[in-house]
Amino acid sequence: LEDVKERILEHIAVSFLSTNARGRIMCLVGPPGVGKTSIGKSIARALDRKFYRFSVGGMHDVAEIRGHRRTYVGAMPGKLIQCLKVCQSSNPVVLIDEIDKLGNGFRGDPSSALLEVLDPEQNNSFRDHYLDVPVDLSQVLFLCTANVTDSIPGPLLDRMEVIRIAGYVFEEKVAIANQFLIPQTQEQSGIGSDRLDLTEEALHKMIADYARESGVRNLRKLLEKVSRKVALSVVRKPDEQQKVGISLQNLSEYIGQPLHLSDRLYTTTAPPGVVMGLAWTSMGGAVLYVEACGKLPRPCREAPANSDDAASVDGTTSETSSGAGSGGFNGSMQITGQLGSVMSESSSVSLTYARLFARELDPANSFLDEARIHLNVPEGSVPKDGPSAGVTMATALISLALNRSLLPNVAMTGELTLTGKVLKVGGIKEKVIASRREGVQMLLLPRQNEADYAELKDYLRAGITAHFVDHFDDVYKFAFDHSQVPPLPHPSRGLPIVTMSLPTATSQDTSSVPLPIGMPSTETPASTPHAP
């Protein structure tokens, strides 16, 4: 939360130096349960101002903002005038919740009404329809919350200062639970700290296997469930004043079986054609696999190069058709996994480039030109779309053509062009959190995201080696074992590779906290980011 705290400190400093400091509009964007509303309350408490919150999710009547004219029966002023009336202050902290879920109906567009409210140059003479007199809102500090910025209208988003709040990692959840959630749930349930003893091992398992979401809302629910069961046992046996202990052995008796085991489909080396990618969702980061399999049509005349059998995941024997080596693209590709239009176009670009790249590695390898390929992204019930899977898809196709698996514990993200350039993507922090949760040791990221990764805290980067690549040639170098695949016939066509690596031992305040399941530990001395 350093960005939020620093921004509020800047606002306080300006108010000290200037007597007519205007309110500013900040938009807190993050997954559910990360504490956006709680941050608004904390800001009001730190500034010693009144706090008022109202939600605009689903609001479709512009009169909710501007008020009704007094000629109507049951006319009322808008939310902002009601805010000033309730707070009895001209400079409260107003939290506009769920601004990304504004509605739009025949009664007007509330987002257009908010344009004047959230503009520091215009809201000094805001005119409510009910009062019909100018009202000065320039001293009000507006805070908005949203899960995503895609659904916020452009003119409205332009008036706000976006501050992104990513999800919490394992170490942060442990600290939040010990310092805040556990004492709060014990107090609310009435059992106190003298009747419940939750061991650190049980808390770690609860976070790792039961509450993997980006926020801490589900973690709070689990702790409340434990507290309720302890309270029930205390009421049933009031004579027994013994402290109830929650350990690894009896944790499942209180909160059931684990909900999350792992997002990894393969604990060891994945088969050829399978690549681990990274995705960003409104709930945070996630690991996303890309699977590719295929076989050559029959009748066949010769086997594909660099493979003992067909370059397919299922291992069936296939041979090239009579058009092999002619340079013609007679193959086809089927795409499944409920992909959106952007990912579907990325798959077409990836196939075109993978065909050319495979020919560069081995001119005799015409598997991608002739084969019937099936590209799948599990899970089929979850819609997927976004411009960051091109590199992953192309790597899966190259792995399929060469019939060689990738190195274990490697994940990647990035968009690919027809010339092999790796483009910048978003959501780097969320994707790093997801890769750390799954025990990934090597990340392949676009070169233009180097600054985004460098801004992350050391405990987020600890134990992960990140390579920033500018061209697919470098992705090929790091993703495969050099002794099992053909070498590149030319030097890399991209910018020099930048590598950042931090050992696990550099974790700062969370050094005593165990790592998530699957994350290897190391005692390597501290090293600094370097560029070979």
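Leu 28 has Thr 145 in strand 6 as its bridge partner. Strand 1 (residues 25-29) and strand 6 (residues 141-146) run parallel and pair over five bridges, pairing being defined as at least two DSSP bridges between two strands. Helices (H or I, at least four residues) and strands (E, at least two) are DSSP runs numbered from the N terminus.

This is a predicted model, in which local features need pLDDT of at least 70 and side-chain atom pairs count only at pLDDT 80 or more, while totals for chains, interfaces and linings use all residues. Residues are numbered from 1 along each chain as its sequence is written, and side-chain values use heavy atoms, with hydrogens and water left out.

- Five strands form an open sheet in the order 2-3-6-1-7, with parallel pairing.
- Strand 2 (51-55) and strand 7 (161-164) are the edge strands, each pairing on one side only.
- From one strand to the next, the twist averages 20 degrees.

**Helix 1 on the sheet**
- Helix 1 (residues 2-17) packs on the sheet and touches strand 1, strand 6 and strand 7, contact meaning heavy atoms within 4.5 Å.
- The direction of helix 1 makes about 145 degrees with that of strand 7; axes are lines fitted to C-alpha atoms, for helices over the stretch in contact, and angles run from 0 to 180 degrees between N-to-C directions.

**Helix 1 and helix 2**
- The axes of helix 1 and helix 2 (residues 36-47) come within 11 Å and cross at roughly 30 degrees.
- Helix 1 is therefore roughly parallel to helix 2 (angles under 35 degrees count as roughly parallel).
- Val 4, Ile 8, His 11 and Ile 12 of helix 1 meet Ile 39, Ile 43 and Leu 47 of helix 2.

Definitions and conventions:
Angles under 35 degrees count as roughly parallel, over 145 as roughly antiparallel, 65 to 115 as roughly perpendicular and the rest as oblique.
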